[in-house]
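Here is a short report on helix packing and ligand contacts. Please keep the sequence and the model in view while reading.

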Amino acid sequence: MEGIAIRLRDLRKSFGETTAVAGVDLEIRDGEFFSMLGPSGSGKTTVLRMIAGFESPTGGTIELAGQDVTGLAPFERDVHTVFQDYALFPHMTVEQNVAYGLKVRKVPKSERLVRARTALAEVRLEGYGTRRPAQLSGGQRQRVALARALVGRPSVLLLDEPLGALDLKLREQMQVELKALQREVGITFVFVTHDQEEALTMSDRIAVFNQGRIEQIGTPAEVYERPATPFVASFVGTSNLLAGESAQRIVGTAGTYSIRPEKIRVLKDSAGTDEPDHESAAGTVAEVVYLGDSTRFLVDLDAGGQLTALQQNLETSAEDVAAYRGSRVLLQWHRRHTVHVPDPR
Ligand code: ATP
């Protein structure tokens with residue numbers, strides 16, 4: 001099928017008693033930056049390894065560019081995997097590491113060199129070709145691993161938590177670079193991460209995994225603004241749910257509702273209760289966390305339950321913030337930010 005890079009149909013994998021993947025259906029488009037997001041043990045790495053061919057499915061099929069590859073060996077698939085630990089050869093130079101895959105495929109030496117240098121330029125590592133991996137920083141090693149993946153121009157790049165070993169600053173920088181690189185080369189990226197912020201920043205679409213199944217597939221905005229299940233609402237972004245009695249009293253109808261913390265205003269007293277089209281809930285501040293650019297309020301609601309509100313520190317200082325602890329507040333948000341979350345089937 002044109003336009004579909006990867007199609008998974010009812011993909012399953014068990015290890016003895018453990019069901020790692022419990023039936024996954026998925027279509028990833030050509031040139032898409034697609035993330036598989038979920039907590040540890042939710043099955044995303046196993047799905048990636050099955051696409052790569054390192055693991056054979058217990059059931060279901062895998063198609064790459066319309067061809068059923070379920071029974072093919074890894075080297076027969078037009079994909080390349082980048083692992084978290086980079087798996088570079090320590091005794092080879094950077095250039096040799098990058099060119100290695102071409103050598104295996106018997107590409108002539110002069111062409112190997114040109115292509116390795118092009119790939120190194122793509123990841124902004126010109127001039128590092130003669131170093132050995134031990135002489136590079138973590139971020140540079142990560143780039144070498146990427147260059148090694150890009151050099152063979154696979155149709156699909158599979159990335160398993162590739163930024164996991166980097167510190168936060170470098171990680172954020174690499175997120176931006178990786179996204180730019182992907183746009184530039186136009187290769188389909190399938191990116192595994194347990195970091196929701198990372199997935200939201202980089203992806204065209206995200207699949208949210210839970211217990212071997214996909215709970216929702218959507219753009220970052222869809223997944224964040226319209227979570228399809230309570231699990232997605234709490235895993236992507238801060239968990240902020242109203243349910244049961246408190247939902248009944250605040251929203252007026254039974255059900256589960258998600259309200260994102262940044263949509264909620266914290267008012268000192270009962271002023272402004274009558275804003276049209278707004279919902280409000282009175283409560284007591286249980287905890288205040290000063291975050292520098294913003295402040296997080298955890299509020300115990302009179303109606304039962306707890307909500308988190310996030311406020312920009314426009315004029316507030318750390319001292320002002322501390323004074324809120326234990327005080328009475330009114331939380332207020334526009335009705336359109338009350339998002340109904342369907343209960344799981
Ligand atoms: P993480 O982010 O921790 O890697 P994950 O979402 O990628 O988590 P998987 O690595 O796919 O999850 O693991 C899913 C489940 O399958 C886990 O319960 C795990 O213990 C189990 N599992 C994975 N690989 C094997 C294996 N080779 N043998 C036995 N069980 C396995």
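## The model

This is a predicted model: local features need pLDDT of at least 70, side-chain atom pairs count only at pLDDT 80 or more, and totals for chains, interfaces and linings use all residues. Residues are numbered from 1 along each chain as its sequence is written, and side-chain values use heavy atoms, with hydrogens and water left out.

## Ligand site

The residues around the ligand include Phe15, Thr18, Ala20 and Pro39. The run Ser40, Gly41, Ser42, Gly43, Lys44, Thr45 and Thr46 also surrounds the ligand. Each counts if one of its heavy atoms lies within 4 Å.

Serine 40 places a polar side-chain atom 2.6 Å from a ligand oxygen. Glycine 41 uses a polar backbone atom, at 2.7 Å. For glycine 43, a backbone N or O atom lies 3.0 Å from an oxygen atom of the ligand.

## Helix 2 with helix 3

Helices are DSSP runs (H or I, at least four residues), numbered from the N terminus. Axes are lines fitted to C-alpha atoms over the stretch in contact, and angles run from 0 to 180 degrees between N-to-C directions. Helix 2 and helix 3 (residues 109-122) pack at about 120 degrees, with axes 9 Å apart.

Contact means heavy atoms within 4.5 Å. On helix 2, Val94, Glu95 and Leu102 are among the residues that meet helix 3. The contact has 8 nonpolar, no polar and 5 charged residues. Here Ala, Val, Leu, Ile, Met, Phe, Trp, Tyr, Cys and Pro count as nonpolar, Asp, Glu, Lys and Arg as charged, and the others, Gly among them, as polar.

## Helix 2 with helix 4

The axes of helix 2 (residues 94-104) and helix 4 come within 7 Å and cross at roughly 30 degrees. The two helices are therefore roughly parallel. Val94, Asn97 and Val98 of helix 2 touch Val144, Ala147 and Arg148 of helix 4. By class, that gives 4 nonpolar, 1 polar and 1 charged.

## Helix 4 with helix 5

Helix 4 (residues 138-150) and helix 5 (residues 168-185) pack at about 20 degrees, with axes 12 Å apart. Helix 4 is therefore roughly parallel to helix 5. Helix 4 contributes Gly139, Gln142, Arg143, Leu146 and Leu150 to the contact. Helix 5 contributes residues including Leu170, Met174 and Leu181. The contact divides into 7 nonpolar, 3 polar and 2 charged residues.

Terms used. Angles under 35 degrees count as roughly parallel, over 145 as roughly antiparallel, 65 to 115 as roughly perpendicular and the rest as oblique. A polar contact is a pair of N or O atoms within 3.5 Å; within protein, one must be able to donate a hydrogen and the other to accept it, and residues adjacent in sequence count only if both atoms are side-chain atoms.
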